[in-house]
Amino acid sequence: YLKISKLALAFAIIHSKPPGKSSKEYTEHLAKMVSEQDFGWKSKAEALEAEVLRLRQELLLNKICPRFRLENDASAETLLDQERLNPPNYSSQLEDSGCDVSDDRVFDSLGTASDFPQSEHNVDTSNQWLERVPLLDLCRTHKEESLAASLQFLQHLLEIRKLSEGGSLQADFTEMENDSFTICNSVSRVLDGLTVFYNSPKIPVSNLLNEAVRVLISLITDSKLSNHVLKKCFKKLEEFKKNLIKIILRSSGVNRFQALHAVSHTLGLLARNNILRNSLISLLLPEIRHFAEHLLEAHQVQGTYDITQYENISSLCMILEQLLENKSEGGNASSSDYDGEEKIKFLKNLDQIILHLSDEFPLFSLYLWRVSVLLNSAQIE
């Protein structure tokens, strides 16, 4: 039946083709027309889905706090409009080779302990830490609109939380339990937007992306909202962290170092939540161990290895070391906090690996040794 249908379609195209055009040209023309129609329907469907999500978001906000007025609040849409009217101009940053940074205050080291995990019940929601987040430019596409719309909803949630804590409003956040779709979809769109823009890093930076990171970290560190968000979006947050790790490892652009610092910093900020911090440690351990084994194998047989990945792996080592240091300083570095199996695999024969790599790769060997010391000290405790 399928062969007959294809044959009938071929005859119909041949008989109906206009004079002066070959059958192949006419077929390509028809295929293009159909493709454009499909794209149009797809765009309409996406627009309708976005509108349905917006209405669900508005309904949920109204259930949580009927007295909350959306029109009085600054939002992501305002940021988007401001950027379109007054686009940022950072021409000096565009000329940066990536080996240095244009602003030491913005692109500071990850080595400061205060930049990493805080107590989930004692979080400073000011913008001070956010000034340190180096961010990337947003393409002017529908993805930007989607990110702004979901970001606006999450901004309102945080504003209601702030006003209810101060006694200005009464809010019932248990309503979030009854509408998992709206929360999941909103957070997912923000995470997908961040992933897209981190995958295609550009300078100058965007205030909208800046706000997306701020709102995301505020959500996962808020004592009342974090449980709701983690319960519904944990898998998506895990996928987001895995994507950021892949971006760090695979980045190969000449001017990649500022962008890599931005991604590394976002990973560090996610670790402000204890649950996400422990899962991040479990993700980093096998990645670094796998690279160490690959490097040892290449060294033993005098084979080749990816020098770009060797440069990038240091970012993951820095993050892992900082996370483990903060756990030790916090006095809660028990092996039950994260995957003990991954820790055992990481430490197995690690001294031998370090010994064989120390002459040829001293910096990476030093990272491995420092991480092993932190893991062993946690095990002893």
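Tutor: The chain has 14 helices and zero strands, where helices (H or I, at least four residues) and strands (E, at least two) are DSSP runs, numbered from the N terminus. This is a predicted model, in which local features need pLDDT of at least 70 and side-chain atom pairs count only at pLDDT 80 or more, while totals for chains, interfaces and linings use all residues. Residues are numbered from 1 along each chain as its sequence is written, and side-chain values use heavy atoms, with hydrogens and water left out.

Of the 381 residues in the chain, 45% are buried, that is, under 20% relative accessible area with a 1.4 Å probe and protein chains only (exposed is over 50%, partly exposed in between). Contact means heavy atoms within 4.5 Å; among contacts in the chain with a separation of 6 or more, 83% join residues 24 or more positions apart.

The part to look at is helix α6, residues 180–199. Two packed helices are described by the angle between their axes and the distance between the axes. Here the axes are lines fitted to C-alpha atoms, for helices over the stretch in contact, and angles run from 0 to 180 degrees between N-to-C directions.

Take helix α2 (residues 23–64) as one partner: α2 and α6 pack at about 120 degrees, with axes 10 Å apart. That angle makes α2 oblique to α6, given that under 35 degrees counts as roughly parallel, over 145 as roughly antiparallel, 65 to 115 as roughly perpendicular and the rest as oblique. From α2, the contact uses A50, L53, R56, Q57 and L60; from α6, it uses F181, T182, I183, N185, S186 and R189. By class, the contact of α2 with α6 has five nonpolar, four polar and two charged residues, with Ala, Val, Leu, Ile, Met, Phe, Trp, Tyr, Cys and Pro as nonpolar, Asp, Glu, Lys and Arg as charged, and the others, Gly among them, as polar.

Helix α7 (residues 207–221) is another partner, packed against α6 at about 135 degrees with the axes 11 Å apart. α6 and α7 are therefore oblique to each other. On the α6 side V190, L191, L194, F197 and Y198 take part, and they meet L209, A212, V213 and L216 of α7. The residues of this contact are nine nonpolar, no polar and no charged.

T195 also lies in α6. T195 counts as buried because its relative accessibility is 12%. Leaving aside neighbours within four places in sequence, T195 is in contact with F240, N243 and I247.
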